[in-house]
Amino acid sequence: MKFYLLKWCSDGGEYMMLETDRLVIREMTQDDFGALCKIMCDEEVMRASYESAFTEGEVQSWLNRHIKRYETLGFGLWAVVLKENNEMIGQCGLTIQNWKNKNVLEIGYLFQKAYWHKGYATEAAMACKEYAYTALDADGVYSMIRETNSSSQNVAVRIGMKIVDRDIKNFRCVDMNFLLYGIERGV
């Protein structure tokens, strides 16, 4: 898979964008709120990762956190946009997550259910993995995936990850079993 990393100055700032054969992966803006709600307010989509859908207020907080991460870290979860129609179909990107008192660089992804099983999550996650290695000089990348979320586990395997650990995480007052998938640079 090939991808292109594009950076340019826009209004005095730097803007990050990845491009694959079918996708543009770019920073989210407030204009993406509606598309983000299509993902995060959908009960079926969110049950796999977070047990239940988010409220619009929780989606806004999520979006605000990632916009802040772009400013402070230079990365976060990004909008995944189909080239063919310029529609935001999901989000995929990099975050720093805590796993057993250690910070790990995580590839995360969530997509509208209409775009599941079409290879978009794998394509976006692969581009994010390559970005982590080339732009951030990461030694490895990880994905924390709920034990019951076989679709996300399949994406992790397709980009070369394997299970490296297990733990129980509490999200929104619910204890859930998670698997840590990972891959070291050069593997």
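1. Let's start with tryptophan 78 and tyrosine 131, which are both buried. Please keep in mind throughout that this is a predicted model. The two rings have their centres 5.3 Å apart and their planes at 90°, so they form an edge-to-face pair. This pair connects distant parts of the chain, as tryptophan 78 sits in strand 4 (residues 77-82) and tyrosine 131 in helix 4 (residues 120-134), 53 residues apart.

2. How many aromatic pairs are there by this rule? The count is three. One of them brings together phenylalanine 54 and tryptophan 62: with ring centres 5.8 Å apart and planes at 85°, the angle is over the 60 degrees needed, so this pair is edge-to-face. Phenylalanine 54 and tryptophan 62 are buried as well. If you wonder what to look at when you display such contacts, a pair of aromatic rings is described by the distance of the centres and the angle of the planes.

3. Now back to strand 4 and on to its neighbour. Strand 4 and strand 5 run antiparallel and are joined by five bridges. To find your place, take alanine 79, whose bridge partner in strand 5 is glutamine 91. The two strands make a hairpin with five residues between them, and there asparagine 86 adopts a positive phi near 60°.

4. Which strand does strand 5 meet through ten bridges? That is strand 6, and these two strands also run antiparallel. Tryptophan 99 has lysine 102 of strand 6 as its bridge partner. This hairpin has two residues between its strands, and lysine 100 in the turn shows a positive phi of about 50°.

5. Is strand 5 mostly covered or mostly open? It is mostly covered, with nine of its twelve residues buried. When you look along a strand like this, remember that in a regular strand the side chains alternate between the two faces of the sheet.

6. Finally, have a look at helix 1 (residues 33-40), which is mostly covered too, as six of its eight residues are buried. The buried residues are Phe33, Ala35, Leu36, Cys37, Ile39 and Met40. What covers them? The cover includes helix 2 (43-50) and helix 3 (56-72), along with strand 5 (88-99) and strand 6 (102-111).

Conventions
Residues numbered from 1 in each chain as written. Predicted model: local features only at pLDDT ≥ 70, side-chain atom pairs only at ≥ 80, totals over all residues. Heavy atoms only, no water. Buried < 20%, exposed > 50% of the residue type's maximum accessible area, 1.4 Å probe, protein only. Helix = DSSP H or I, 4+ residues; strand = E, 2+ residues; numbered from the N terminus. Contact = heavy atoms within 4.5 Å. Phe/Tyr/Trp six-rings, centres within 6.5 Å; stacked < 30°, edge-to-face > 60°. Pairing = 2+ DSSP bridges.
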